[in-house]
Amino acid sequence: MESKSLSLAPALTLFPGLKPPHKTLLFHQICVLVITFLAYASFHASRKPPSIVKSVLGPTVASNLTQLQAPNLNSPIDSGWPPFNGTRGTHRLGELDLAFLTSYSIGMYLAGHVGDRIDLRMFLVFGMMGSGLTTILFGLGYWLDVHVLGYFVGVQIVCGVFQSIGWPCVVAVVGNWLGESKRGLIMGIWNSHTSVGNIIGSVVASGVLEFGWGWSFVVPGLLIIVVGVLVFLFLVVNPEDLGFVHPGMEIEMGVETDCAENLQKVESEEARLIEANNPDSSSAIGFLEAWKIPGVAPFAFCLFFSKLVAYTFLYWLPFYIRHTAVAGVQLSHKTAGLLSTIFDIGGVLGGITAGFISDMIEARAITSILFLFLSIPALILYRAFGSISMLANIALMFLSGFLVNGPYSLITTAVAADLGTQNLDGGNSRALATVTAIIDGTGSVGAALGPLLAGYISTRGWNSVFFMLILSIFFAGLFLIRVVRTEIREKLSGK
């Protein structure tokens, strides 16, 4: 994607030693990876508090659970917070998630479209500042003693719009700086920012929860604002801004990544000639045209169901752990929040492993569907045996996070970058933010439905919730079957 850079990052103007030839392309690539990693980790950290405080805001723990090491259910932290502590409390909490994720998914499409046309650095900073302020506003409801559902829903809607700006921006910037070589592995490692952000958000929100649930929002909100200042000062959107050659111009990427190297070079040279003769070939691609790119629709709908599962865990896992006795022991709010980070730790390794495998076998869809179908028995085992002991709970939660987040990570990074930078009719390869927004935006629609459905279905029992998750994974795999068949045929034909 060729974004417009209105100005160079201020830090590079203040410190000329950061510019070439004093610093190499590799140095700036690493800087971009680190800065965007911190940026999106802070987005996820500020997105985590609602799941941590659910068990504080919502209905109290059922009385039939063992009281061994259980907290005092009559204490203020367990009394709930109107309007979320009634008999329909879980419904209200699910609706709160729906408000955020619906605006997030709609905003994602718009953010990608806008991001292809303006300065990505300023657009990203705008999203981070807005996300921080709205997260703090939600927490202020604690001190202002707000009990109006409309206030919390309204704040979440606005917050979702600001949060939607982050993903298309960071993926587009990273795509500008990286070529195709080892993209799956590099972006698999880089995409661990989602899980790292979740872990940071869980630890911070759980750590300050005892001082009042408002702090669980205020501290992560301040964190993303601070990181936003860092992005404003140091992020360079395009290598061309510093006089480097764009890494993406050296290769030609298709839906499948197993084209012969020499063919890629020839097609890349042809693309450069076409672009030289047709200046409009580097213009941003249209929204509907991006949907027609081969592979975009199957992966987008696969992510719809895959992200539904991932975000149900993101928003409800601490609540589930809090309300499910482990080895006969009812865990505290803080312990449940900290224990839920095991799922994210598994997700970090799952994303890296999926990226490495997809690079090694040069097949994104095969890798994704393998992880998806293996996650089905993992979820069954976690639900059936996770409460037997703490060791079993940790091991099975880690395995579930490893397998669930693997394809989610791969599709939102390497796959989106592959599809968004492949040459199209007339050599247009400037669709990265738009394609990223389509894929992740479609996934975010599923992400909006998952937590909402979990809030309603959980009243019928957690077995029903897990059945919904397993069914979603099955449908996610179905959407990739045609792409998998194409990859297998090409492997067998020796292409």
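## Lysine 491

Lysine 491 is found in helix H20, which spans residues 481-493; helices (H or I, at least four residues) and strands (E, at least two) are DSSP runs numbered from the N terminus. With a relative accessible area of 34%, lysine 491 is partly exposed; buried means under 20% relative accessible area, exposed over 50%, and partly exposed in between (1.4 Å probe, protein chains only). Between lysine 491 and glutamate 362 there are 9.2 Å in space, C-alpha to C-alpha, although they are 129 residues apart in sequence.

This is a predicted model, in which local features need pLDDT of at least 70 and side-chain atom pairs count only at pLDDT 80 or more, whereas totals for chains, interfaces and linings use all residues. Residues are numbered from 1 along each chain as its sequence is written, and side-chain values use heavy atoms, with hydrogens and water left out.

## Overall composition

The protein contains 20 helices and 0 strands. Of its 495 residues, 59% are buried. Among contacts (heavy atoms within 4.5 Å) with a separation of 6 or more, 84% are between residues 24 or more positions apart.

## Packing around helix H13

Helix H13 (residues 296-322) packs against helix H16 (residues 364-385) at an angle of about 30°, with the axes 13 Å apart. Axes are lines fitted to C-alpha atoms, for helices over the stretch in contact, and angles run from 0 to 180 degrees between N-to-C directions. H13 and H16 are therefore roughly parallel; angles under 35 degrees count as roughly parallel, over 145 as roughly antiparallel, 65 to 115 as roughly perpendicular and the rest as oblique. On the H13 side, the residues that meet H16 include Phe299, Phe313 and Ile321, and their counterparts in H16 include Leu372, Leu379 and Tyr382. This contact comprises 10 nonpolar, 1 polar and 2 charged residues, where Ala, Val, Leu, Ile, Met, Phe, Trp, Tyr, Cys and Pro count as nonpolar, Asp, Glu, Lys and Arg as charged, and the others, Gly among them, as polar.

The axes of helix H3 (residues 49-57) and H13 come within 7 Å and cross at roughly 30°. That makes H3 roughly parallel to H13. Their contact involves Pro50, Ser51, Ile52, Lys54 and Ser55 of H3, together with residues of H13 including Leu314, Trp316 and Phe319. H3 is largely enclosed by the rest of the structure, because 9 of its 9 residues are buried.

## The nonpolar core

The largest nonpolar core has 125 residues, and those with the most contacts inside it are Trp213, Val231, Ile321 and Ile439. Such a core is a set of buried Ala, Val, Leu, Ile, Met, Phe, Trp, Tyr and Cys residues joined through side-chain atoms within 4.5 Å. H13 gives the most to this core, with 19 residues. Beyond its neighbours within four places in sequence, isoleucine 439 contacts Val296, Phe299, Ala300, Leu303, Ile411, Ala416 and Leu419.

## Backbone features

Most residues other than glycine have a negative phi, and most peptide bonds are trans. A cis peptide bond joins proline 20 and proline 21, with omega about 5°; proline 21 lies in the loop between helix H1 (10-14) and helix H2 (25-47). Another cis bond joins proline 82 and proline 83, with omega about 10°.

Aspartate 145, although not a glycine, has a positive phi of about 55°, and its relative accessibility of 49% makes it partly exposed. Alanine 327 likewise has a positive phi of about 55°, and is placed in the loop between H13 and helix H14 (333-339).
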